[in-house]
Amino acid sequence: MGLLRDGGVVYKPLEQIDLDPHSDEFYLKVTVKGTILVVLCSIESHQHTDLNEQQVEEIESDASPPERVQQAMECLPVTLEESLYDLKPGHFRRWTIADYSIAYNSGEITPLRVAQQFIDAVRDSSNPPFPMSFFINYDAEDILRHARESTLRYERGAPISALDGVPIAIKDEIDCSPYPTTGGTKWLHKVRPCTGDACCVMRLRSCGALIAGKTNMHELGTGLSGINPHHGTPRNPYDPNKIAGGSSSGSAAVVSAGLCPVALGVDGGGSVRMPASLCGVVGFKPTFGCIPHSGVLPLNWTVGMIGIVAATLEDAFIVYAAISGQLPSDESNTLSPKVYFPLLNSINPISDIKFAKYGEWFNDCSDDIRICCTNALSLLCDHYKWKTVEVTIPEIEAMRRAHYVTIGSECSTSLSSHLEKLDLAELGWDTRVVLQIYGAFHSKDYINSQKLRNGQMQIHNNIFAKADVIVAPSTGQTAYPIYNDVLKTGELDIVNAVALIRYQIAGNFLGLPAVTVPVGYDKAGLPIGLQFTGKAWSEPTLMHIAFAMQALCISDCRKPKVFYNLLDKN
């Protein structure tokens, strides 16, 4: 298609690029009116260097998942049992992994009772007028069987870990028995059978987690709305007339609605962080190569990786502890570093944090988001005496184009043998168009994208020499309306897609860790997220910062219109 082969474009040598705030580098505001603009990105392996992070504890790299969960729990502030049901009038919060663990250990409720309430809630959520379409597949008998086993362990006083009996949902892009892996399609599971659990699911099961089913998603992960013409469209719990975001739409929606404190997604272009932000929960994408990718649909193997949607940062941390770690020997060409966990229970907060902020880019969003995120960042800096460093991030639009070429080329290559034999009527209209675009990319486009990626890696390394993390809104707009005419066909809304993905690309294209934290709401009551992107392997610092931001905002958390209380004792 020639997206990166324009003869007149000459990029500056890296040493000539000015990253200062008054740089003459041009920021291109993307405005889409009546034409299709294609946005792009990709990633690289990261060599580990000692980051000398503050308030961390080194973890044995060969520790088992239950041992790692226990070590993570020891890094958290103590959750008091009496705080479980003692909420102030008008105050809302979602139940956390620690809440479930306390309730189970105290005998207030059992995993079996929670499983029964979960199944009832999923059935209730499927009723008109707004079927929430959280799941593509869930097996009530399988859930109840595992819940009974977990209940027996608690009765014997021998739970496997804090995750024992805690419901966790899995995006239908990740293999998980006894379910097929559809990738949001009607056909993929017929040509690619699921033969067992993905590595991340095996690790969760080894901790006793209650696997709650396969969440809905945008077909083949090709869109950002989550609208799925085959399995129904997941709706935003804060307003069921609005999108949940994609492509991990169901995972974000189930956490927001209280059905699970945690769900797994796959993030190839903000596909965990975007829906998490739109649904008012935490979305965390670790460094590329940090979590084993075996058992995940190989749709975009250099930009996509497993991410975590969670009620709180602590929940994301616990599940990260369970599923990350030493990679299978046959899988990765990345070198895993020493493993450090953040000491979130430390009485001394980390100090001297610097946030890189590119003003024009930061402000390229709706007024509500700009004001909310600016105020949240100011609150964070004022409270902890942290600083903001103004920078310029050059060639952001070129990076978006390169990401799209990369993710599209890899998806097209991965599916090529199947698509040759597929009746296009099996695909939603939007996915047909996107796959046609993907298939038109030339090998030169892909190679040029990787060259640009290497340059952007160096640019970002130079930015991280000035600051600890890059800060920006999570999305350029809040959740937009679902229109009835797209429910049966799928939706290709380029205008809204560009706004949603605006701040997501570096995390995937460059393989950097990133986390979105809810910080407020727009005038319509829809959630707004603030995103922090760190240098490779800086997960502990990111978690410290996200935890600090969460602590300042969580008291203002609002209850969604669609919410289920699975720890209800009555």
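This is a predicted model: local features need pLDDT of at least 70, side-chain atom pairs count only at pLDDT 80 or more; totals for chains, interfaces and linings use all residues.

**Exercise 1. Find out whether Arg113 is buried, partly exposed or exposed.**

Step 1. Buried means under 20% relative accessible area, exposed means over 50%, and partly exposed is in between (1.4 Å probe, protein chains only).
Step 2. The relative accessible area of Arg113 is 32%, so Arg113 is partly exposed.
Step 3. To place Arg113, look at helix H3, residues 111-125. Helices (H or I, at least four residues) and strands (E, at least two) are DSSP runs, numbered from the N terminus.
Step 4. Now bring in Arg148: 35 residues separate it from Arg113 in sequence, and their C-alpha atoms are 9.2 Å apart in space.

Residues are numbered from 1 along each chain as its sequence is written, and side-chain values use heavy atoms, leaving out hydrogens and water.

**Exercise 2. Describe the salt bridge between Lys214 and Asp172.**

Step 1. Start with the rule: a salt bridge is a side-chain nitrogen of Lys or Arg within 4 Å of a carboxyl oxygen of Asp or Glu. Side chains of opposite charge can pair when their charged atoms come close.
Step 2. In this pair, the closest N and O atoms are 2.7 Å apart.
Step 3. The two partners are 42 residues apart and link distant parts of the chain: Lys214 is in strand S4 (residues 210-215), and Asp172 is in the loop between strand S3 (167-171) and helix H5 (188-191).
Step 4. Check the burial: Lys214 is buried at a relative accessible area of 0%, and Asp172 is buried with a value of 0%.

**Exercise 3. Which residue forms a salt bridge with Glu173?**

Step 1. The partner is Lys171, with closest N and O atoms 3.0 Å apart.
Step 2. Glu173 has a relative accessible area of 4% and is therefore buried.
Step 3. Lys171 is buried as well, with a relative accessible area of 0%.

**Exercise 4. Locate the cis peptide bonds that join Pro128 to Pro129 and Gly246 to Ser247.**

Step 1. For Pro128 and Pro129, omega is about 5°. Pro129 sits in the loop between H3 and strand S2 (135-137).
Step 2. For Gly246 and Ser247, omega is about 5°. Ser247 belongs to the loop between strand S6 (239-243) and helix H7 (249-256).

**Exercise 5. Where do Leu220 and Trp537 lie, and what is the phi of each?**

Step 1. Leu220 is in the loop between S4 and strand S5 (235-236). Although Leu220 is not a glycine, its phi is positive, at about 55°.
Step 2. Leu220 is buried, since its relative accessible area is 2%.
Step 3. Trp537 is found in the loop between strand S15 (527-534) and helix H17 (539-553). Its phi is near 70°, again positive in a residue other than glycine.
Step 4. Trp537 counts as buried because its relative accessibility is 9%.

**Exercise 6. How many helices and strands are there in the protein?**

Step 1. Count 17 helices and 15 strands.
Step 2. To finish, note that 62% of the 570 residues are buried.
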